[in-house]
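Subject: Structure handover

Hello,

I am passing on the structure we spoke about. Please look it over before reading my notes.

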Amino acid sequence: MSIGDIVWEIIKYASVALCAFLAVLPIVSCVITSLKTEVEYQSTNVMTLPENFFNFNNYVQAFAQANMGLAFINSGIILLFVLAGSTMIGSQLAYVLNRFSFPGNALIRNLFTFAALLPGIAMQVSVYEIMVNLGLVNTLYGYIIMMMGTDVMSIYIYIQFFENLPVSLDESAFLDGANYFQIYAKILLPLLKPAIVTNLILKGVGVYNEYYCANLYLQDKRKLCTVATSLYTFTGPMGNQYHLICAGVIMSLLPALIIFLLCQKQIYNGVAAGAVKG
């Protein structure tokens, strides 16, 4: 191995180590801050180690004051229904757009592309008016219905996977007496597992961390708080209680971490399969 190769290997490993350090640093800083008392936080910098590594008072206080127990329940209910509904709506819409030729098919696809170019914040006035007129503001089911809307990215992911599935599967099932819904539900949907896993990750992370719409449409923060909105309990005009915010952030990360550790094999298999085109 030449000197140039050795230098290049050192650069590669050093860059990987630097990227890993930059990715882990905010989490380490958050953990350190969550273990400090208010006096410690105000008198030390963010990377100064706490005097007591078993100081979990911030976690207890954050969990109680931010009503995080109810926030986890509400976020869990929202995630369950939104992910199930968006998967069914998105996959069925992609099935129709890919498998059926009808006037306006190309127009619908172009409209989805056009919608992706519009900033979401610009459409919030009209969306809010619709939510108000339908009586869906300040209700959990109204927020779920709004978030269940399938985004353009998931539709195109499903369409891409449908394009990799041969039409002969549909034709043979149709000749055996299956209707279109049976073909979709029993034959094509199980084959969409990689696409479903990919979209569940993207949609799930977005819904779990979503703050703007949750704060706007779930106005009763005592009963309709989510994990994202509950963390803002410790912010105000008089200052922010960052030691409690960090404790809440760490607690909000735990469910996602547990799910990842339990389902990492399925997640990796689904994403890896999604990267391979037939």
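Predicted model: local features only at pLDDT ≥ 70, side-chain atom pairs only at ≥ 80, totals over all residues.

The largest pocket holds about 940 Å³ of space. It is lined by 29 residues, and those closest to its centre are G204, V205, Y208, A256 and I259. Four helices, α4 (68-99), α11 (193-209), α13 (227-230) and α14 (242-274), each supply at least two residues of this lining. The biggest share comes from α14, with 11 residues. By class, 24 of the lining residues are nonpolar and 5 are polar, and none is charged.

The second largest pocket has about 800 Å³ of space. Its lining has 26 residues, with G120, M123, Q124, M146 and G149 the closest to the centre. Here α5, α6, α7 (140-147), α8 (152-163) and α11 each supply at least two residues. The lining of this second pocket divides into 17 nonpolar, 6 polar and 3 charged residues.

Salt bridges

The count comes to 3 salt bridges.

- D170 and R99 meet through their side chains at 3.0 Å, N to O. D170 lies in helix α9 (residues 168-175) and R99 in helix α4, so this pair ties together parts that are 71 residues apart in sequence. Both D170 and R99 are buried.
- K12 pairs with E9, with 3.2 Å between the closest N and O atoms. The two are 3 residues apart in helix α1 (residues 3-34), so about one helical turn separates them. K12 is partly exposed, at 34% relative accessible area, and E9 is partly exposed as well, at 27%.
- R222 forms a salt bridge with D220, the closest N and O atoms being 3.9 Å apart. R222 counts as exposed because its relative accessibility is 68%, and the cut-off for exposed is over 50%.

Loop residue

L118 is found in the loop between α5 (105-117) and α6 (124-133). Its relative accessibility is 36%, so L118 counts as partly exposed. Between the C-alpha atoms of L118 and Y184 the separation is 31 Å, and the two residues are 66 apart along the chain.

Regards

Terms used: Residues numbered from 1 in each chain as written. Heavy atoms only, no water. Buried < 20%, exposed > 50% of the residue type's maximum accessible area, 1.4 Å probe, protein only. 1 Å grid on protein atoms, 1.4 Å probe; cavity = no way out; pocket = protein on both sides within 12 Å on 5 of 7 lines; lining within 4 Å. Points joined across faces, edges and corners; volume = space filled by probe spheres on them. Nonpolar A, V, L, I, M, F, W, Y, C, P; charged D, E, K, R; others polar. Salt bridge = Lys/Arg side-chain N within 4 Å of Asp/Glu carboxyl O.
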